[in-house]
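Dear colleague,

Please find below the structure that I am handing over to you. My findings follow it, grouped by element.

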Amino acid sequence: MRPSLKNALLLIAACAISTGASAHTGHGTASFMEGLAHPFGLDHLLAMLAVGVWSVSAPPAQKTWQGPATFLLALMASAVLGASGVTLPFLEHAIALSVVLFGAMLIVAAKPMPKALGLGLIAAAAALHGLAHGAETPATGFAGYAAGFLLTTAALHLGGVSLGLAIRRWLAARSAVALGGLGTLLGFAGVYLFNHV
């Protein structure tokens, strides 16, 4: 395995191991620094990395920025709704299922999917994450916290794009197998999160 791909996988594994099962309990939500740390919860971490990997892997991949941009916009819009009191029943369960969804998207990433469908699924999943972000944020600290979690979200998307590019470059002939393996792992992780909400 190439060193750059190995390093990317080790970084992702270390981040995943160092976080709790759910990103929505036991943390502060009132400052920029707390916002920066928030997306390292396992559910958010996996979802955001998956968006980056899918965006560079799904054909046609020439507009890689669209997946992360869609996620960020939907995340922010729904966070504002969440901060104003909008919520959904079983939101944490739905967020866990979004990880399963992203796993399924990676499994089929090598096959053509209408871009609008892919981006729509990304926006729907991001809206779930955003509602949870916004609902837990006190009104007085929303701006700083939101700036922090948006910045980390963008960085995680960039990490996912880098991982997707590494897979495409170093595992060209086996990239579909690698994406399928990642997707399967994400699916299992989402089921685990669902059962531990």
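How many of the residues of α3 are buried? Helix α3 is mostly covered, with 16 of its 16 residues buried; buried stands for a relative accessible area under 20%, exposed for over 50%, and partly exposed for values in between, with a 1.4 Å probe and protein chains only.

Some conventions come first. This is a predicted model, in which local features need pLDDT of at least 70 and side-chain atom pairs count only at pLDDT 80 or more, while totals for chains, interfaces and linings use all residues. Residues are numbered from 1 along each chain as its sequence is written, and side-chain values use heavy atoms, with hydrogens and water left out.

Overall composition

The secondary structure comes to eight helices and zero strands, and from the N terminus on the elements run α-α-α-α-α-α-α-α. Helices (H or I, at least four residues) and strands (E, at least two) are DSSP runs, numbered from the N terminus. Of the 197 residues in the protein, 46% are buried. Among contacts between residues at least 6 apart in sequence, 82% join residues at least 24 apart; a contact means heavy atoms within 4.5 Å.

Helix α3

Helix α3 covers residues 42–57. Its 16 residues should span 22 Å at 1.5 Å a residue, and the end C-alpha atoms are 22 Å apart, which agrees; the expected span is 1.5 Å times one less than the number of residues. G52 lies in this helix and counts as buried because its relative accessibility is 0%. Leaving aside neighbours within four places in sequence, G52 is in contact with H157, G160 and V161. G52 and F71 are 19 residues apart in sequence, and their C-alpha atoms are 9.9 Å apart in space.

Two packed helices are described by the angle between their axes and the distance between the axes. The axes are lines fitted to C-alpha atoms, for helices over the stretch in contact, and the angles run from 0 to 180 degrees between N-to-C directions.

α3 and α5 pack at an angle of about 30 degrees, and their axes are 9 Å apart. α3 is therefore roughly parallel to α5, given that angles under 35 degrees count as roughly parallel, over 145 as roughly antiparallel, 65 to 115 as roughly perpendicular and the rest as oblique. On the α3 side the contact is made by D43, L46, A47, A50, V51, V53 and W54, and on the α5 side by E92, I95, V99, F102, M105 and L106. By class, this contact of α3 with α5 has 11 nonpolar, no polar and two charged residues. In this scheme Ala, Val, Leu, Ile, Met, Phe, Trp, Tyr, Cys and Pro count as nonpolar, Asp, Glu, Lys and Arg as charged, and the others, Gly among them, as polar.

Helix α5 (residues 91–107) also packs with helix α6 (residues 115–135), at an angle of about 150 degrees and with axes 9 Å apart. α5 is therefore roughly antiparallel to α6. L91, A94, I95, S98, L101, F102 and M105 of α5 make the contact with G118, L121, I122, A125, L128, H129, L131 and A132 of α6. The classes in the contact of α5 with α6 are 12 nonpolar, three polar and no charged residues.

T152 is found in helix α7 (residues 142–170). T152 counts as buried because its relative accessibility is 6%. Not counting residues up to four places away in sequence, T152 touches G35, L36, P39 and F40.

Helix α8 has 21 residues and reaches 30 Å from its first C-alpha to its last, close to the 30 Å expected at 1.5 Å a residue. Its buried residues include S175, L179, G183 and L193, and what covers the buried residues of α8 includes α3, α5 and α7.

G180 lies in α8 (residues 175–195) and is buried, with a relative accessible area of 16%. Apart from neighbours within four places in sequence, G180 is in contact with L106 and I107; G180 and L106 are 74 residues apart in sequence and 6.2 Å apart in space, C-alpha to C-alpha. V191 is also found in α8, but is partly exposed, with a relative accessible area of 43%. V191 and L97 are 94 residues apart in sequence and 7.2 Å apart in space, C-alpha to C-alpha.

With kind regards
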